[in-house]
Amino acid sequence: MERKFNQTPGDTNVAILGYLTKMGTWMNLRQITTGTPGSDLNRERLRSILESFGKKNFVEIRESQNPKAKFEYKITEKGKATFLRCISFDPDVRYVIGLKEFSED
């Protein structure tokens, strides 16, 4: 019997870091929400996650030039390195902690 997972907070965080790593440019909340695969994030939850990532220096945060978006976010080298460490766990460890498999599509 195969184990099915719900989206865990870890999955969500890895998906956000993965998307920011893939894009590599400044993005606003709407762009990140739309582009983060397998996620049902609302803007407030995403904003909270990104602010916590900012405190850990995983992302840079700046005021947006777009009047419809208050802030923009960009992955840092520390954020990229953290993401890469997360997806390089042994498959058995990933299974035990409930992380989904990451694909670069």
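User: Why is threonine 76 called buried?

Analyst: In this predicted model, where local features need pLDDT of at least 70, side-chain atom pairs count only at pLDDT 80 or more, and totals for chains, interfaces and linings use all residues, threonine 76 has a relative accessible area of 13%. Buried means under 20% relative accessible area, exposed over 50%, and partly exposed in between, with a 1.4 Å probe and protein chains only. Threonine 76 therefore counts as buried. Residues are numbered from 1 along each chain as its sequence is written, and side-chain values use heavy atoms, with hydrogens and water left out.

User: Where does threonine 76 lie, and which residues is it in contact with, leaving aside its neighbours within four places in sequence?

Analyst: Threonine 76 sits in the loop between strand S2 (71-75) and helix H4 (77-87); helices (H or I, at least four residues) and strands (E, at least two) are DSSP runs, numbered from the N terminus. Apart from neighbours within four places in sequence, threonine 76 is in contact (heavy atoms within 4.5 Å) with Asn57, Phe58, Val59 and Glu60. A polar atom of the threonine 76 side chain lies 2.6 Å from the backbone oxygen of asparagine 57.

User: What makes asparagine 57 partly exposed?

Analyst: The relative accessible area of asparagine 57 is 48%, so this residue is partly exposed. Asparagine 57 belongs to the loop between helix H3 (43-55) and strand S1 (59-63). Although asparagine 57 is not a glycine, its phi is positive, at about 60 degrees.

User: Is asparagine 28 buried or exposed?

Analyst: Asparagine 28 counts as buried because its relative accessibility is 8%. Its place is in the loop between H1 and H2. Beyond neighbours within four places in sequence, asparagine 28 is in contact with Asn66, Ala69, Phe71 and Glu72. A polar atom of the asparagine 28 side chain lies 3.1 Å from the backbone nitrogen of arginine 30.

User: What is the relative accessible area of glycine 24, and what is it called?

Analyst: With a relative accessible area of 33%, glycine 24 is partly exposed. Glycine 24 is found in the loop between helix H1 (9-23) and helix H2 (29-35). Its C-alpha atom is separated by 6.7 Å from that of lysine 74, 50 residues apart along the chain.

User: Why are H1 and H4 called oblique to each other?

Analyst: The two helices pack at an angle of about 125 degrees, with their axes 9 Å apart. Axes are lines fitted to C-alpha atoms, for helices over the stretch in contact, and angles run from 0 to 180 degrees between N-to-C directions. Angles under 35 degrees count as roughly parallel, over 145 as roughly antiparallel, 65 to 115 as roughly perpendicular and the rest as oblique. H1 and H4 are therefore oblique.

User: What makes H1 and H3 roughly perpendicular to each other?

Analyst: Their axes come within 11 Å and cross at roughly 75 degrees, and H1 and H3 are therefore roughly perpendicular. On the H1 side, the contact is made by Pro9, Thr12, Asn13, Ile16, Leu17 and Leu20; on the H3 side, by Arg45, Leu46, Ile49, Leu50 and Phe53.

User: How many helices and strands does the protein chain have?

Analyst: The protein chain has five helices and two strands, in the order α-α-α-β-β-α-α from the N terminus on. Of its 105 residues, 33% count as buried.

Note on methods:
A polar contact is a pair of N or O atoms within 3.5 Å; within protein, one must be able to donate a hydrogen and the other to accept it, and residues adjacent in sequence count only if both atoms are side-chain atoms.
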